[in-house]
Amino acid sequence: MNLLLDTHALLWWLDGESISAAASAVVEEPSNTVLVSSASIWEVAIMTPAGKLRGDGSILETTERTAFEPLLLSLAHA
């Protein structure tokens with residue numbers, strides 16, 4: 001199964017925040033492909049310096065250390 005984490009789910013996952021046991025099981029299932037949109041990285045990169053999110057600005061590096069796959073956006077997607 002392919003899963004796309006939205007920005008909130010990505011941040012909760014990376015911060016070790018509470019997500020449901022069912023959601024954790026699906027994300028952790030090795031046969032599933034977990035995707036993260038480049039739009040989520042962009043959103044965090046904009047919101048952090050604006051003071052709307054706490055963080056050290058390393059969302060890209062942090063996400064790249066996960067087993068999540070990038071979902072790149074093309075002009076056609078926009």
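User: Over how many bridges do E2 and E3 pair?

Analyst: This is a predicted model, in which local features need pLDDT of at least 70, side-chain atom pairs count only at pLDDT 80 or more, and totals for chains, interfaces and linings use all residues. Strands (E, at least two residues) and helices (H or I, at least four) are DSSP runs numbered from the N terminus, and two strands pair if DSSP finds at least two bridges between them. E2 and E3 pair in the parallel sense, and their bridges number three.

User: Which residue of E3 is the bridge partner of Leu35?

Analyst: Residues are numbered from 1 along each chain as its sequence is written, and side-chain values use heavy atoms, with hydrogens and water left out. Strand E2 spans residues 33–37 and is joined to E1 by four bridges, also in parallel. Within that pairing, Leu4 stands opposite Leu35. In E3, the partner of Leu35 is Glu69.

User: Which strands form the edges of the sheet?

Analyst: Strands of a sheet pair through backbone hydrogen bonds, either parallel or antiparallel. Here three strands form an open sheet with parallel pairing, in the order E1-E2-E3. An edge strand pairs on one side only, and this applies to E1 (2–5) and E3 (69–71).

User: What angle does the direction of helix H3 make with that of E2?

Analyst: Axes are lines fitted to C-alpha atoms, for helices over the stretch in contact, and angles run from 0 to 180 degrees between N-to-C directions. From one strand to the next, the sheet twists by an average of 40°. Helix H3 (residues 38–47) packs on the sheet and touches E1, E2 and E3, where contact means heavy atoms within 4.5 Å. The angle between H3 and E2 is about 45°.

User: Which residues make up the covered face of E1?

Analyst: In a regular strand the side chains alternate between the two faces of the sheet. In E1 the uncovered face carries Asn2 and Leu4. The covered face carries Leu3 and Leu5.

User: How many of the five residues of E2 are buried?

Analyst: Buried means under 20% relative accessible area, exposed over 50%, and partly exposed in between (1.4 Å probe, protein chains only). E2 is largely enclosed by the rest of the structure, because its count of buried residues is four.

User: How many residues does the largest nonpolar core have?

Analyst: A nonpolar core is a set of buried Ala, Val, Leu, Ile, Met, Phe, Trp, Tyr and Cys residues joined through side-chain atoms within 4.5 Å. Members of the largest one include Leu5, Leu10, Val34, Val44 and Phe68. At least two residues come from each of E1, helix H1 (7–14), E2 and H3.

User: How are H1 and H3 oriented relative to each other, parallel or perpendicular?

Analyst: The axes of the two helices come within 9 Å and cross at roughly 75°. Angles under 35 degrees count as roughly parallel, over 145 as roughly antiparallel, 65 to 115 as roughly perpendicular and the rest as oblique. H1 and H3 are therefore roughly perpendicular.

User: Which residues of H3 make the contact with H1?

Analyst: On the H1 side, the contact is made by Thr7, Leu10 and Leu11. The H3 residues are Ser40, Ile41, Glu43 and Val44.

User: What relative accessible area does Ser40 have?

Analyst: Ser40 lies in helix H3. Not counting residues up to four places away in sequence, Ser40 touches Leu5, Asp6, Thr7 and Leu10. Ser40 is buried, its relative accessible area being 5%.

User: Is Val44 buried or exposed?

Analyst: Val44 is also found in H3. Beyond four places in sequence, Val44 is in contact with Thr7, Leu11, Pro49, Leu53 and Ile59. Because the relative accessibility of Val44 is 6%, this residue counts as buried.

User: Is Trp42 buried or exposed?

Analyst: Trp42 has its place in helix H3. Its C-alpha lies 14 Å from that of Lys52, a residue 10 positions apart in sequence. The relative accessibility of Trp42 is 60%, so Trp42 counts as exposed.
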